[in-house]
Amino acid sequence: MTFTLDPAVPAGPLEMKWTRYRADMRLVAPANRRKYRIVVVGSGLAGASAAASFAELGYQVSCFCFQDSPRRAHSIAAQGGINAAKNYPNDGDSVFRLFYDTVKGGDFRAREANVYRLAELSVNIIDQCVAQGVPFAREYGGLLANRSFGGVQVARTFYARGQTGQQLLLGAYQALERQIGLGQVAMYTRHEMLELVVVDGRARGIVVRDLVTGQVTGHVADVVVLATGGYSNVYYLSTNAKGCNVTAIWRAHKRGAAFANPCFSQIHPTCIPPSGDHQSKLTLMSESLRNDGRIWVPRRPGDERVPGSIPDAERDYYLERRYPSYGNLVPRDLASRRAKEVCDEGCGVGPGGHGVYLDFRDAIARLGRQTIAERYGNLFEMYQRITGENPYDVPMRIYPAPHYTMGGLWVDYNLMSTIPGLFVAGEANFSDHGANRLGASALMQGLADGYFILPNAIGNYLGGTKLEAVAPEAAEFGDARHAAAERTERLLAGRGHKSVDAFHRELGRLMWDACGMSRSREQLRQAMERLPALRREFWDTVYVGGTETDLNQNLEHAGRVADFLEFAELMCRDALEREESCGCHFREEFQTESGEAKRNDERFSYVAAWEYTGADCPAALHKEPLRYEAVRPTERSYT
Amino acid sequence: MRLTLHVWRQPRGSAAGRFVRYEVPDATSDMSFLELLDVLNEQLLARHEEPVAFDSDCREGICGACGVVINGEPHGPQTGTATCQLHLRHFPDGAELWVEPWRARGFPVVKDLVIDRAAFDRIIQAGGFITARTGSAPEANTTLVPKRDAETAMDAAECIACGACVAACPNASAMLFVAAKASHLGQLPQGQPERYSRTIAMVRQMEREGFGSCTNHAECTAACPKEISIDFIARLNRDFLTAVRQGAAAPRVEEAEL
């Protein structure tokens, strides 16, 4: 299998590329669109907005999600907001500035042309969402309100209380449901994609399992869109929903789609720490808390006194000590790494020592309890609901948690993968966030991909491609159905003793230690040695139970964990090969004297795109060089 | 802590169900209720017994996937809390808990505690949207929305469609769900052109799905994890009355059926 990594970026100056693209692209006439069927997998921001927009154009659409309703996709949990270069506050924002902040935030590991287009489209997204009735926050005069978010100097974030993701998703969901009602979209809920079907080198459909009946069926398409989210659950504990998984993009990878930058995963610094072995997921607390809370740990390792009885002299306010100018407001990656360090040194607090204090004592003394309640009341309430502790009286305990994955399937400027006809959108692709994503940018990217980029890109593809008819009886579909069914059988045949969850937890711990916030050659090598053995153990000793012709949630989980066990090795390999520190990827061997990330542009200014070469064969590395024409990569410093 | 659970087990929708008693001796007060079910399922798997099927996804109270009736109360005893955010510290050690699915004609049981809520999606299909094709939107700030209206719309829009309102209602009415969506969209200037046809279409679809009508018990509001106000049902009734008086055009989907 060979492929070329042609990013297909249009010629011309940066600010003219998208305009030119649309001027030059091929079109499908309205009367011909109904002859094409598009399969969309996933119904989050990217999937739902794409499916609805295709249907509005007149294409026949089939949309699949594993949840019981498309409205439950994990985009719904995004809290903070969505960025757009509207410059309503008159504070100097522009498309270029949003583009620059995003490229810099990604530590210069994203493709310039894609990011610029994202910034351009940001303004259209807000228009579209307002027209759909998304209840964004307003000023008293009725105009839209903005707030500022981490890592930038302008206020460009639009928000709907702390539920921006929910409201944006409901806008896209309602547009999608309208098209389902009109018969333009066939919606398949409680269906999971198990295979991608490639015919004559092009993506021509998928094989899915009906999670209620267990039936495995093939769906023929002219174009397949994967909008299936990220893979933070490789760490078991993350802020992702329980169902989030790598399966769809991993299966596509095994059919020929290159996987780009799998090691770029973001760990969010302010989450509620795990309370015990039963912990099933982690909950994010808005990082705005760092504006008034002071982060500290006891100076003495193993100090078990209650926080209130530890005098100031025996506390280590480690962020304020190390970063006097930024203090508690250093970027996400630094705050996370430093927390892990002090906990590794034995100074962590709470169960298992996995936590640091976020203390509002001084802010309450300075501003009064009332002011703090006004600013953070709902967050304090959420914290108390989960931990049973009152943060007005005792400091919060926080710990970093996996949150977002910048890596994903490699796509060109069309958002098309290395398999023609397979498009990838939202968190599932790699394209816009480089090595680190800025706050309020994920929602923007998902909707830009779904509402505005894919409807153009797919017309361009179909308009320029002659596709032969494919029948669901074709051998390729039979093979894929067979492969999926065989795998299920194998999972159910096991009469072992260890549960799927036990394997998932073990994998999570392994990846957290070796390929989490901080990575080293030795740890990565050890993990890569352990993973094949863990995979064998899984297939030899796992007990799944139940039947395949029935709702079997443990079987669903088993299939996903089996894929994570394969994928994890590629993630470690990518982290091992990238001998530099950049963004969220911190290699212990590559740091400055003060312990900061040391990027190596000379050797690593590229996208690592991995090609699958067979089971237990090392993946082949292809490189897409990153060329910066509009910006000059600079070093990040926060001391 | 030690808990005794009586869990509704039903192999499939067409089969008969029954309560099965389980002991969980090693629960802790920091666990969420769903984590308690996880622990129970691990026990069952260790004995090669079939685990309890239940829906959940985000486990932070926003996706709306989870929800079981605990001792007769949808989402359990803690107000304004979805099942995934309910922690065991709200139960005494040794408590005996009866766990069952939402029960309503409109929500058939799929298996154990899993139900089919597709009826809610069909209500949205009937009219729970603003028609705004991608690409045709005007500049966002040309639509002014008074802050108070935006806040009211948001109060309604917070609904997570879990269905607890239906489970709590003696009539198994979906009025709070329908009212929340109708009020969210009907409160905004963008939602005005379709306001009355939307109301008629959603209410008619709700009736077709087998949900009952509202007789003001207000159990829905009490059970709602987002504490959506029953005031929105009054708004829905008012809009419905206006729609009927005006002879609001029968909506598109209904026309197709006639």
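**Close-up views of a predicted model**

**View 1. Where chain A touches chain B.** The contact draws on 61 residues from chain A and 66 residues from chain B. The model shown here is predicted. On chain A, six helices each give at least two residues to the side that touches chain B: α3 (45-57), α5 (112-132), α6 (164-181), α11 (369-387), α12 (442-463) and α16 (553-577). The largest share comes from α6(A), with nine residues. By class, the residues on this side of chain A are 21 nonpolar, 26 polar and 14 charged.

**View 2. Two helices of chain A cross.** The axes of α3(A) and α6(A) come within 8 Å. They cross at roughly 35 degrees. The crossing of α3(A) and α6(A) is left-handed. Which residues of α3(A) meet α6(A)? They are A:Leu45, A:Ala48, A:Ser49, A:Ala51, A:Ala52, A:Ala55 and A:Glu56. Facing them in α6(A) are A:Leu168, A:Leu169, A:Ala172, A:Tyr173, A:Ala175, A:Leu176 and A:Gln179. This contact has 11 nonpolar, two polar and one charged residues. Both helices also supply residues to the side of chain A that touches chain B.

**View 3. An open sheet in chain A.** Five strands line up in the order β11-β15-β14-β12-β13 (chain A). Their pairing is antiparallel.

View 4. Strand β12 (residues 294-298) of chain A runs antiparallel to strand β14 (residues 356-359) of chain A. Three bridges join the two. In this pair of strands, A:Arg294 stands opposite A:Asp359 in β14(A). Helix α9 (residues 332-344) of chain A packs on the sheet. This helix touches β11, β12, β14 and β15 (396-405) of chain A. The direction of α9 makes about 70 degrees with that of β11(A).

**View 5. Chain A as a whole.** Chain A has 17 helices and 21 strands. Its radius of gyration is 24 Å, close to the 26 Å that the globule rule gives for 639 residues, so chain A is as compact as a globular protein of that length. The C-alpha trace of chain A spans about 75 × 65 × 50 Å along its principal axes. Of the 639 residues, 58% count as buried. Among contacts in chain A with a separation of 6 or more, 73% join residues 24 or more positions apart.

Key:
Residues are numbered from 1 along each chain as its sequence is written. Chains are lettered from A and ligands numbered from 1 in the order in which they are written. This is a predicted model: local features need pLDDT of at least 70, side-chain atom pairs count only at pLDDT 80 or more; totals for chains, interfaces and linings use all residues. Two residues are in contact if their C-beta atoms, placed from the backbone, lie within 7 Å. Helices (H or I, at least four residues) and strands (E, at least two) are DSSP runs, numbered from the N terminus. Ala, Val, Leu, Ile, Met, Phe, Trp, Tyr, Cys and Pro count as nonpolar, Asp, Glu, Lys and Arg as charged, and the others, Gly among them, as polar. Two strands pair if DSSP finds at least two bridges between them. Axes are lines fitted to C-alpha atoms, for helices over the stretch in contact, and angles run from 0 to 180 degrees between N-to-C directions. The radius of gyration is taken over C-alpha atoms; the globule rule is 2.2 Å times the number of residues to the power 0.38. A residue is buried if 20 or more other C-beta atoms lie within 10 Å of its own, exposed if 12 or fewer, and partly exposed in between; C-beta atoms are placed from the backbone. A crossing is left-handed if the near helix is turned anticlockwise from the far one by less than a right angle, and right-handed if clockwise.
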